[in-house]
Amino acid sequence: MKRPADIIYCILLFLLQLVISDYVHLGPWISLCLLPLLILLIPLSRSPHVVMLIAFGLGLGLDILSDGVPGLNAFAAVLAAAPRKFLYRLLVNADRQDKTEVPLLRDNGLLKYLKYLGVLTAIYLAAYTLVDCISVRPLGYIAAKFLISWVASTALCLLLALPIQNRS
Amino acid sequence: MKNRYGLLSSLTAIALFIVLETVAILMVVNGSVVQRYKVLGAVRSIESWFWARTSKLTYYLNYKTENERLAAENLQLRQQLAGYAAAQAQLDSVVRIIEPEYTYIGATVIRNSVDRQHNYLILDRGEKEGVAPGMGVVTARGVVGIVSAVSRHYAYVISLLNTEQSVSAKLAGSGAFGPMTWPGKDPGRAVLAEIPVHIEAAPGDTVLSSGFSTIYPPDIPLGRVIESKISQGSSQELSVALFEDFRSLHNVYIVRNNRGAEIQELYEKAR
């Protein structure tokens, strides 16, 4: 994500997340989140410190600008960002020979890419849903909300990841 | 040397992770809407300006429904006024002018959320119009929320559709009262708890605001009982269908309790 076009793409993703949070009313059973995709798009060469700080900034920015609970998205984003490189090696590239800056669907195949994106989204949404609903909602609701949100968010992130696949 | 650097880097990464997560959790736990509102005053002003415009557009798209609703409310108020006019004759002998306990400030909703666990509204009235934190917000069809923070031109309201919010409510017939809360699922449903088991609550019974707080006036219709169930063997929990449709809120009234300060002062003395 060093080219201006990629940076603009990331800004647009963040703005889209703001629009979703503020204007798309899908009911209490579903939360659509794009931050896992933004975390995935941070170059692998960046140190975990930088990745966590960026994730924290993105989450807090979203919390503030969409009038959510302050710290909620920031907490979930840092939790998803911390094991990012470990998950990449575990799920996408076990031999650690990959030189790519950003894992792309085109280079890794649908299954590996989906696993990586799915796990990042699951960590993010598990943290988000638990912190948002714990002690005020029954576990059944939390589990159902997590599952519905996970399927919908992963599908949306996958769809939105397509335009970036043709980068050289 | 490389190993040492690697170890140090891992340790600092873990420390940073712990610090960031702790900060985030502390913000979630202590997150004050008021602080956020004041710190981000400039950002909020720009956002409020934008929301005021988008809200106008939404209003024009839904003006027919809104007009019908206002006409119905107008009719009800005219009928009340006729009643008061008749009563006025009897009050002519009273020399002292009685200050009303509650006065109202009309406001328009420019921002509204209904899909979260902690929903909120932003109104186009602020300090300039005399709005202050702690004031209630109502419509003719129910309670909407409590003003949490104000800027010069806008007010931030914590909606009744917030899992941490409750309103003191009573059954119209028996007068039995308890806290009414939003359970967090359907924006059209609330739960009235702590109603004694010997009180008969039938589906269709009206639920009103009790007026036991200094925030909301009494007898505002809130909703209708749908069903009741025994909770923990000692009280009833009533499921209530709210009269107010939070998705289409537009015109609301901010409630100023003219005796609120006096009551608060009395509380302080009694402590």
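Residues are numbered from 1 along each chain as its sequence is written, and chains are lettered from A, with ligands numbered from 1, in the order in which they are written. Because the model is predicted, local features need pLDDT of at least 70 and side-chain atom pairs count only at pLDDT 80 or more, while totals for chains, interfaces and linings use all residues.

Of the 271 residues of chain B, 30% count as buried; a residue is buried if 20 or more other C-beta atoms lie within 10 Å of its own, exposed if 12 or fewer, and partly exposed in between, with C-beta atoms placed from the backbone. Among the contacts in chain B with a separation of 6 or more, 59% come from residues 24 or more positions apart. Here two residues are in contact if their C-beta atoms, placed from the backbone, lie within 7 Å.

Strands of a sheet pair through backbone hydrogen bonds, either parallel or antiparallel. In chain B, a closed barrel of 6 strands runs β1-β2-β5-β4-β3-β12, with antiparallel pairing; two strands pair if DSSP finds at least two bridges between them. Angles run from 0 to 180 degrees between N-to-C directions, and axes are lines fitted to C-alpha atoms, for helices over the stretch in contact. Strand β1 (residues 102–112) of chain B pairs with strand β12 (residues 251–257) of chain B in the antiparallel sense over 7 bridges, and B:Tyr104 stands opposite B:Val255 in β12(B).

Since 8 of its 8 residues are buried, β5(B) is largely enclosed by the rest of the structure. One partner is β2(B), which pairs with β5(B) in the antiparallel sense over 5 bridges, and B:Leu123 stands opposite B:Ala155 in β5(B). Another is strand β4 (residues 142–150) of chain B, which runs antiparallel to β5(B) and is joined to it by 5 bridges. In this pair B:Ala149 stands opposite B:Tyr156, and a hairpin joins β4(B) to β5(B) through 4 residues.

Chain B also holds a closed barrel of 6 strands in the order β6-β7-β8-β11-β10-β9, with antiparallel pairing. Its neighbouring strands are turned by 40 degrees against each other on average, direction ignored. Strands β9 (residues 206–209) and β10 (residues 221–231) of chain B pair in the antiparallel sense over 3 bridges, with B:Val207 opposite B:Gly223 in β10(B).

In chain A, attention turns to helices. Helix α1 (residues 4–23) and helix α3 (residues 48–65) of chain A pack at an angle of about 35 degrees, with their axes 10 Å apart. Their contact is made by A:Phe14, A:Gln17, A:Leu18 and A:Ser21 of α1(A) together with A:Leu58, A:Leu62 and A:Leu65 of α3(A). By class, this contact has 5 nonpolar, 2 polar and no charged residues; Ala, Val, Leu, Ile, Met, Phe, Trp, Tyr, Cys and Pro count as nonpolar, Asp, Glu, Lys and Arg as charged, and the others, Gly among them, as polar.

The axes of helix α5 (residues 84–91) and helix α7 (residues 110–133) of chain A come within 10 Å and cross at roughly 150 degrees. The two helices are therefore roughly antiparallel to each other (angles under 35 degrees count as roughly parallel, over 145 as roughly antiparallel, 65 to 115 as roughly perpendicular and the rest as oblique). Their contact has 6 nonpolar, no polar and 3 charged residues.

Helix α4 (residues 72–81) of chain A, which contains A:Leu79, is mostly covered, with 10 of its 10 residues buried. A:Leu79 counts as buried because it has 22 C-beta neighbours inside 10 Å. A:Leu79 and A:Tyr124 are 45 residues apart in sequence and 6.7 Å apart in space, C-alpha to C-alpha. Leaving aside neighbours within four places in sequence, A:Leu79 is in contact with A:Ile123, A:Ala127 and B:Glu21.

The contact between the chains takes 21 residues from chain B and 24 residues from chain A. On the chain B side, α1(B) gives the most, with 10 residues. By class, that side has 11 nonpolar, 6 polar and 4 charged residues.
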